Amino acid sequence: MLRVRGLRVALGGRVILRDVALAVAPGEVVALEGPSGAGKTTLLRAIAGLLPIEAGQVEAAARPALVFQQHALAGRLTAQGNVLVGALGRLGFWRPALRWWPAVETAAAAECLARVGLADCAGQRADRLSGGQRQRVAVARALMQRAPVLLADEPVASLDPENAAAVLALLRGLAAREGLAVLVALHQPDLAQRYADRRLRLEEGQLCPT
Amino acid sequence: MRRAAWLLALGVCYGACLLVVRPDLPRLWAGLPRLARWLGGAFPPDFSGLPDLLHRAAETVAIATLGTTLAALLALPLAVLAARPVTPLALLYHPARAVLDTLRGVDGFVFALIFVAAVGLGPFAGMLGVALHAAGSIGKLWSEALETADQAPLEAALSAGASRAQAAVMVLVPETLPQTTSALLYVWEFNIRASTVLGLVGAGGLGQELKNAVDLLDFARVLAILILIITLVLAADRLSALLRRRLA
């Protein structure tokens, strides 16, 4: 369960988000819509703990996982190497640094790749994958965090319609099957209509009725 | 008006340089026959005692290789401290950059001169001299590679709960590997060239033989050594280019 109350975020002295309150239940997909510059990315990054919060609260059982807009993969690492990055938060420094991953983590990474339909791509370098495959690897990396809340910042912005539908169907399926609370920023109303249980609209840093 | 001021400033600068250097064309003219005589005497090049020359050439390669390796070890922590996105101690960012600039600012030849006085004649002093100067160059190039790398994967790792050090080692190091390795090879290649003259200050390598031959006005020997130096530098250049292509 994700619950946000009275969230206020200011960057460089400018207030970006004002009194934002929302909740996403386990198994639910909520679409966050709004024009460019409305504060969608800021909201997701603040919830993910990447930006300081001026006021308000973010409640989640564990640190939410974030899928970035441009996948943010390390191009020279393999798909599996990128997924394993999601496990760094629960590992010490030396074993990952020496590429001596615990067997349980490599098995988990393989499983995460299988969950996003990329079991066969584990050994391929990320920069040799297609755009859709890269975004799926980014989802697998988020799954590797074992977070109950998944945030996705316009995950289909750079994908063709077919891949966009596939990635959103994947998020939808993960929410339904595994009970993840999914909050996804989307630009396309038709996709939000099709894949989200609920839609929220953000305008000038405030949530408005849709 | 502005252009005239620039031209005037440039003229003053060149005038000052000429006053200091005092180029003397008649002296050059008078020296040309001597140079021609030496050049004539240099043929055929004297490769007698080739094993000794090859030993000196190997010494040059060893000075450059060990010096570059030691430099890389010294440069690594400094480069991390001097790269804004990954530095664990922001307070040490500027001091680390100042140390790198200082090391780069003093030539390896000067460091070698100091080390010859400190540890005695020979390639060990040369290696130390090369290492200190190269640490500044490598550290600077590496810190810039870390600073200009795509920060998105680093941020993704941080958002997944990784520490800054974990994110740097797991994500930024592999991402910048082509640039950092290329910088290292470039400095190694530069050090091969630099190590060929370290012998002039008694720090080992082919330079030592070169100095002896020049002191004895044995120009056939000088030419043989120059041919070896050029071969060595070209071989290092080709090898470094080949490795860089493979890493790209």
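The model is a predicted one, so to speak on its own terms: local features need pLDDT of at least 70, side-chain atom pairs count only at pLDDT 80 or more, and totals for chains, interfaces and linings use all residues. Residues are numbered from 1 along each chain as its sequence is written, with chains lettered from A and ligands numbered from 1 in the order in which they are written.

Domains first. Chain A splits into domain 1 (1-64 + 151-210) and domain 2 (73-146), with bounds that come from an automatic or database domain assignment. The centres of these two domains of chain A, taken over C-alpha atoms, are 24 Å apart. Their contact takes 7 residues from domain 1 of chain A and 6 residues from domain 2 of chain A, where two residues are in contact if their C-beta atoms, placed from the backbone, lie within 7 Å. On the domain 1 side there are 5 nonpolar, 2 polar and no charged residues; Ala, Val, Leu, Ile, Met, Phe, Trp, Tyr, Cys and Pro count as nonpolar, Asp, Glu, Lys and Arg as charged, and the others, Gly among them, as polar. Chain B is assigned domain 1 (2-41) and domain 2 (50-247), and 33 Å separate their C-alpha centres.

Now for the two chains together. Chain A puts 21 residues into the contact and chain B puts in 17. On the chain B side, α7 (152-159) and α8 (164-175) each supply at least two residues, and α8(B) gives the largest share, 7 residues. Helices here are DSSP runs (H or I, at least four residues), numbered from the N terminus.

Beyond its neighbours within four places in sequence, B:A157 is in contact with residues including A:V85, A:L88, B:A162 and B:M170.

Finally, helix α1 (residues 40-47) of chain A has 6 of its 8 residues buried, so it is largely enclosed by the rest of the structure. Buried means that 20 or more other C-beta atoms, placed from the backbone, lie within 10 Å of a residue's own. The buried set in α1(A) is A:K40, A:T42, A:L43, A:L44, A:A46 and A:I47. After α1(A) comes A:G49, with a positive phi near 85°.

Key: A residue is buried if 20 or more other C-beta atoms lie within 10 Å of its own, exposed if 12 or fewer, and partly exposed in between; C-beta atoms are placed from the backbone.
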